[in-house]
Amino acid sequence: MRAAAQGIVWVGVFLGVCVAPLAFALMGVSRPGQGFWTDFSVALGFVGLALMGIEFALVARVRAVAEPFGTDAVIQFHREIGYVGLAFVLTHTALSGPGVFAAFPLTELPWRARFAVLAVLALLVLMVTSVWRRRLRLSYEVWQVLHTVMATLAVTAALVHVLLVNHYVDSLWKQVLWAVMSAAFVGLLLWIRVVRPLRLWRRPWVVEQVVPERGRTTVLVLRPRGHEGLRFQPGQFAWITVGRSPFSVTSHPFSFSSSAEADGTVAIAIKALGDFTSSVSAVRPGTTVYVDGPHGVFSIDQYEGAGFCLIAGGVGIVPALSMLRTLADRGDARPVVLFSAHRDLDSIPFREEIDELTGRLNLRVVHVLEQPPPGWTGESGYIDAGTLRRHLPSANPRFQFFICGPNPMLDAMEAAIPEIGIPADRIHTERFAWV
């Protein structure tokens, strides 16, 4: 209930931030010759600018913002309103720009128009490099730098453009409003690029062990240096920076694989999928790491149930393993069913430990292989509603369901699980493919 109330509050804040600048900026404005289309263009521009500012808040990793919805849902919302904001800005430009370009030669555009062009170009570069990152063969690190620079440039140029178009902020109270909005934007930047990195810098971690695991997976065991460490819930994740300053632009999100009941060290399991992840196996013990976390609400501690069904595909086994290890350390007797989907038997990370956990937990493990070995008598192909029906106990409607893995698998499970009678409020997902 608390999360639902928080969610309602944040939705109200979102709507207020979008509408308030428009209401304040247009209130009382009356200029000769200014018709409907001019006012409409201004309205679109103000709402577009408000959405651009909100984008920063969504990715600032503020737990109070993400907790009611889940981090992956917030990132998805960030992506979707990016499209909406771009549409507002481009329509605003199309309606108001032709008159400016007709009145002035391109090389003599007034500064208000130059900043408008700069904001639009930065926004377009940001959008193109995000939507087609893989087609453009941009590494995650390069993309993250471009995304940060272009987003900052777009919002800054847009704010300057508004101030230079003076007749929409020509009174003291409107200028105060825009000063507050500008200060909020600068405050977010300071939090993201200065305050948070400074806090991380004061709480370093060190790599204690680098453990190779099956399925091109590497486990980094981290120990806090000079502080007490952190507490997390099983299934949560952290953003980590390995061997670099916490002030560097790039960091990477990975789930904890260790038990939430373990004291001192934490473990993070990383599968080699390209870019940074392919170099993790070369990390040496003693390397300094900065850990920004914990984040996320994908956890058995968030939802009470008579038992749990964990559905993991590929690297999605990592948060599931953290949940299993935690349940075992707590001596939890509730039934758990784990569906583990992988390409073949040799690509299942932590297979031996998961088998050992069946002796410590009321746990049933169902491996589903795309390419089963000769003589395999288990499940093969992909998990579907039939697979779930064959292996879930009769009490399954009272279970909490946690699904983590590739997007196609999550899409299939979100469609299949309701088919076996599971209410939507008992289905929880974690999507890793954010960009």
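In the predicted model, the charged end of Arg 114 sits over the ring of Trp 111, 4.5 Å from its centre, a charge being taken to sit over a ring if NZ of Lys or CZ of Arg is within 6 Å of the ring centre and within 35 degrees of the ring normal. A further arrangement of this kind involves Arg 325, whose charged end lies over the ring of Phe 350 at 5.6 Å from the centre. Because the model is predicted, local features need pLDDT of at least 70 and side-chain atom pairs count only at pLDDT 80 or more, whereas totals for chains, interfaces and linings use all residues. Residues are numbered from 1 along each chain as its sequence is written, and side-chain values use heavy atoms, with hydrogens and water left out.

Helix H5 comprises residues 111-131; helices (H or I, at least four residues) and strands (E, at least two) are DSSP runs, numbered from the N terminus. At 1.5 Å a residue, the 21 residues of H5 should span 30 Å, which agrees with the 30 Å between its end C-alpha atoms, the expected span being 1.5 Å times one less than the number of residues. Among the buried residues of H5 are Ala 113, Val 120, Leu 123 and Met 127, where buried means under 20% relative accessible area, exposed over 50% and partly exposed in between (1.4 Å probe, protein chains only).

The structure holds seven aromatic pairs, for which rings of Phe, Tyr and Trp (its six-membered ring) must have centres within 6.5 Å, planes under 30 degrees apart counting as stacked, over 60 as edge-to-face and the rest as tilted. Phe 298 and Phe 402 form an edge-to-face pair, with 5.5 Å centre to centre and 80° between the planes. Since Phe 298 lies in the loop between strand S6 (288-295) and S7, and Phe 402 in strand S11, this pair ties together parts that are 104 residues apart in sequence. Phe 308 and Phe 402 form a tilted pair, at 6.3 Å centre to centre and 50° between the planes; as Phe 308 lies in strand S7 and Phe 402 in strand S11, the parts so tied together are 94 residues apart in sequence. Phe 298, Tyr 303, Phe 308 and Phe 402 form one aromatic cluster, in which Phe 308 counts as buried at 0% relative accessibility and Phe 402 at 1%.

In helix H11 (residues 407-416), the buried residues are Met 409, Leu 410, Met 413 and Ala 416. Seen down the axis of H11, these residues fall within an arc of 130°, so they line one face of the helix, the arc being that of the directions from the helix axis to the C-beta atoms.
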